Amino acid sequence: MSWFSQTLTSSIGKKLLMALTGLFLISFLVIHATINAMIFYNDGGETFSHWGHFMGTNPIIRTLEIGLVAGFLIHIIDGLMLWKSNRDARPVKYAVNNAAANSTWYSRSMGLLGTLLLIFLVIHTSHFWIPNRSNQFATGEELNLYQMMLETFQNPVVVLIYVLGCVSLFWHLLHGFKSAFQSLGLNHVKYNGAISFVGTAFSIIVPILFALMPISIYLGWVK
Amino acid sequence: MEGNMRLSLKVWRQSNTDAAGGFEDYKLDNVSPDMSFLEMFDVLNEQLIEEGKEPVAFDHDCREGICGMCSMYINGRPHGPLRGVTTCQLHMRSFKDGDTIVVEPWRAQAFPVIKDLVVDRDAFDRVISAGGFVSVNTGNAQDANSLPIAKEAADDAFAAAACIGCGACVAACKNASAMLFVSAKISQLALLPQGQAERSIRAEKMVAQMDAEGFGACTNTGACSAECPKEISLENIARMNREYIGAKFSSSAV
């Protein structure tokens with residue numbers, strides 16, 4: 001094995017990949033949340049569709065989208081590989097384990113939270129991204145995503161699934177954001193406070209912003 | 001005696017590595033709150049010997065918290081309920097009259113049970129042998145002050161060197177990861193001038209050995225540091241990540 005693949009398949013290398021792809025996906029969340037928040041202009045989707053069209057057709061964005069799909073795949077596959085090797089590292093479990101005394105439940109549940117997010121991701125992309133891109137591929141025309149949102153979020157079960165997805169995202173980010181910096185070796189007394197503050201704020205603000213979208217449409221605040 | 005406690009124990013018994021183990025229940029009627037946890041086990045073992053039964057095998061040596069031999073997963077936590085102490089320094093006053101105490105060995109693929117509560121921690125020794133040392137020519141010791149070392153570096157190296165290699169970090173970690181141990185051993189040398197010559201190859205080899213032993217990866221839950229009897233800091237794991245990634249991408253070892 002070359003030194004490069006040896007590095008990336010080592011325990012620390014796998015965590016390096018998780019951290020880099022995790023932070024990349026966090027940067028995607030910033031863009032995704034910002035553009036989708038344009039629906040709150042409540043202008044019949046005009047501003048939202050303007051930026052949605054830009055994101056869906058700009059060649060640079062479309063190229064970066066390939067990186068985004070790769071980022072998701074690496075994060076998911078690497079996460080599953082880590083889950084497997086970490087489970088194998090303790091074949092016999094403790095009869096009594098008081099893990100709550102030394103760590104938070106969500107830091108110990110990143111695999112579970114990630115799996116919930118993966119299920120959500122499949123549902124979410126099958127609502128919007130996959131039909132839109134397939135239509136672009138087939139006809140070259142974009143679908144009216146704003147209209148699709150208004151229709152999709154009339155179903156209370158769908159709204160509930162989206163809110164639960166945001167709850168999973170909150171807990172996943174609350175540990176993942178700070179954990180990524182530690183995995184990259186960025187643990188320094190001068191910056192730890194800022195990383196912790198930004199991480200917590202980000203984990204709260206972004207999922208709430210996302211959750212407000214289906215809720216606002218369902219309740220008719222956004223039309 | 002007045003103030004002594006009655007305790008119920010559930011202790012893991014396993015005759016050898018390959019045998020199936022299980023819990024045995026024991027009762028102790030006269031436990032002094034001033035006994036250490038290991039002394040309580042001594043009392044139990046005397047009782048078992050008098051009854052003609054096999055005493056419980058457990059690791060212990062210095063009984064003053066510095067050798068790293070004692071282990072025991074007590075009521076779901078390595079070294080029991082207190083922070084910053086080893087099992088030998090845990091006293092029965094940390095428990096209440098009538099308590100049931102569950103005692104298990106460390107659980108990890110890399111730490112097979114030898115007998116009862118004794119696990120094989122040779123994996124740690126092999127990680128050290130892979131690079132946790134400084135190669136020097138023997139001869140007279142240098143003058144203590146001939147190498148200037150910054151106070152902070154000396155303090156951090158000393159704090160990392162406080163690791164006694166007991167394995168509580170592995171026991172506490174949900175992934176049975178040895179990162180706190182290995183990072184302490186890498187850090188104590190990486191911070192000092194004497195460790196510079198072999199700095200990158202040390203990080204590469206010790207991490208490779210750690211992985212080969214079957215320890216898990218790090219999820220940064222912080223359980224290891226919270227349970228460490230020497231309170232080794234998580235900063236060491238971040239340092240090891242820097243050392244390892246830096247070494248891998250810049251060393252001449254292809």
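Biologist: What should I keep in mind about the model itself?

Modeller: It is a predicted model, in which local features need pLDDT of at least 70 and side-chain atom pairs count only at pLDDT 80 or more, while totals for chains, interfaces and linings use all residues. Residues are numbered from 1 along each chain as its sequence is written, and chains are lettered from A and ligands numbered from 1 in the order in which they are written.

Biologist: What makes α2(A) and α9(A) oblique to each other?

Modeller: Helix α2 (residues 11-36) of chain A and helix α9 (residues 156-183) of chain A pack at an angle of about 135°, with their axes 9 Å apart. Angles under 35 degrees count as roughly parallel, over 145 as roughly antiparallel, 65 to 115 as roughly perpendicular and the rest as oblique, and α2(A) and α9(A) are therefore oblique to each other. On the α2(A) side the contact includes A:Lys15, A:Gly22 and A:Ile26, and on the α9(A) side it includes A:Gly176 and A:Phe177.

Biologist: By class, how many residues of each kind has the contact of α2(A) with α9(A)?

Modeller: This contact has seven nonpolar, three polar and one charged residues. Ala, Val, Leu, Ile, Met, Phe, Trp, Tyr, Cys and Pro count as nonpolar, Asp, Glu, Lys and Arg as charged, and the others, Gly among them, as polar.

Biologist: How many helices and strands are there in chain A?

Modeller: Chain A has ten helices and zero strands, both being DSSP runs numbered from the N terminus (helices are H or I, at least four residues; strands are E, at least two).

Biologist: How many residues of chain A are in contact with chain B?

Modeller: 36 residues of chain A are in contact with 40 residues of chain B. α2(A) gives the largest share of the side of chain A that touches chain B, namely five residues.

Biologist: How do you know that B:Met72 is buried?

Modeller: A residue is buried if 20 or more other C-beta atoms lie within 10 Å of its own (exposed if 12 or fewer, partly exposed in between), and B:Met72 is buried because it has 28 other C-beta atoms within 10 Å. B:Met72 also has a positive phi of about 75° although it is not a glycine.

Biologist: What makes B:His79 count as buried?

Modeller: B:His79 counts as buried because it has 27 C-beta neighbours inside 10 Å. B:His79 sits in the loop between β4 (77-78) and β5 (100-104) of chain B, and B:His79 has a positive phi of about 60° although it is not a glycine.

Technical notes: Axes are lines fitted to C-alpha atoms, for helices over the stretch in contact, and angles run from 0 to 180 degrees between N-to-C directions. Two residues are in contact if their C-beta atoms, placed from the backbone, lie within 7 Å.
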